[in-house]
Amino acid sequence: MSNCSNDVLAFHDDTVTLPQAQRIAMRDHRNANRDRLKARLKSEGKPIPYEFIKQGSYAMLTMVQDPDNDYDIDDGVYFTQASLKRKDGTDMSPTEVKQMVCTALQDDRFEKKPQVRRSCVRIFYQGGYHVDMPAYRIRTSDSQYELADDSGWTLSRAADVEDWFNQENQKSPDTNNGRQFRRIVRCLKKFARSRKEWKNQIASGFIITKLAADRYVKNKDREDLSLRDTMKQIHNRLCVSLQVYHPITQHVEVTKGPADSTTQFLRDKLRQALADLAILDATTCTRKQALAA
């Protein structure tokens, strides 16, 4: 197979990973939301956040470039259970807490006002991306974290996912440029978002990250082989089962049953991509053909 390792690395650096300027802009918006929330809640005599914890692809540094600026930044806000009380001393409901956060984040400068969603408050930006701020309470009895969700207070510790990802990244054979496993995850997510019409049909970035962790094939000297072999392994895995489970709460399925349409779509697109790459195995394959594939 023609060696295209440097080409894949260059593509990753130029077209896949977020430029530093974009990361800084996102961080500034995140910090502005934090400051606004704390100031408003304090001025209104409402519960003050105990801490904020970044989460999701933003925390794992696996966000990829998107021509439509369709970015989802997750930033959790945490309150102590003791602070989330009504005037009569009873616990605030998840809906009340989300609404409190949403109201405090309102700003006349927003063209589209922040909204309460199922498990977060969403803040929209003109650039096309949004910040999701899930609200948590730290349980008094045992300090466990509970997410304010439409179904109630749900046990959840998003920071554990970041710890899990960082541990998986230790599998990489290198230590530079984010490490290989993280780069492969980014490239797989970029593939999944490479056609606009795929976005609402293909598996989520979180599902792809879990599949990559399960089937990652490291290669110290060949980035192109690592990517292709990992794609093969994920495809083979999805031919056996379309179901994927959460990496921390392993009994919780993150897909929707044995006929999940999003992982089926991913499997089928991987099959097509691998067929396109089959020319790499031909003894007559030129470097030009390899790069085109």
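How are helices α5 and α6 oriented to each other? They are roughly perpendicular, a term for angles of 65 to 115 degrees. This is a predicted model, in which local features need pLDDT of at least 70 and side-chain atom pairs count only at pLDDT 80 or more, while totals for chains, interfaces and linings use all residues. Residues are numbered from 1 along each chain as its sequence is written, and side-chain values use heavy atoms, with hydrogens and water left out.

The helix pair, then. Helix α5 covers residues 158-169 and α6 covers residues 180-192; their axes come within 8 Å and cross at roughly 115 degrees. Helices here are DSSP runs of H or I, at least four residues, numbered from the N terminus. Axes are lines fitted to C-alpha atoms over the stretch in contact, with angles from 0 to 180 degrees between N-to-C directions. On the α5 side, the contact (heavy atoms within 4.5 Å) is made by Phe165, Asn166, Glu168 and Asn169, and on the α6 side by Phe181, Arg182 and Val185.

Next, the loop between α5 and α6, where Asp174 is found. Asp174 is buried at 13% relative accessibility; buried means under 20% relative accessible area, with a 1.4 Å probe and protein chains only. A polar atom of the Asp174 side chain lies 2.8 Å from the backbone nitrogen of Gln180. Leaving out residues up to four places away in sequence, Asp174 touches Arg179, Gln180 and Arg183.

Last, the cysteines. The whole structure has zero disulfides, a disulfide being a pair of cysteine sulfur atoms within 2.5 Å. For Cys285, the closest cysteine sulfur is in Cys4, 7.7 Å away, too far for a bond. Cys285 also counts as buried, at 16% relative accessibility.

Definitions and conventions: Helices (H or I, at least four residues) and strands (E, at least two) are DSSP runs, numbered from the N terminus. Angles under 35 degrees count as roughly parallel, over 145 as roughly antiparallel, 65 to 115 as roughly perpendicular and the rest as oblique. Buried means under 20% relative accessible area, exposed over 50%, partly exposed in between (1.4 Å probe, protein chains only). A polar contact is a pair of N or O atoms within 3.5 Å; within protein, one must be able to donate a hydrogen and the other to accept it, and residues adjacent in sequence count only if both atoms are side-chain atoms.
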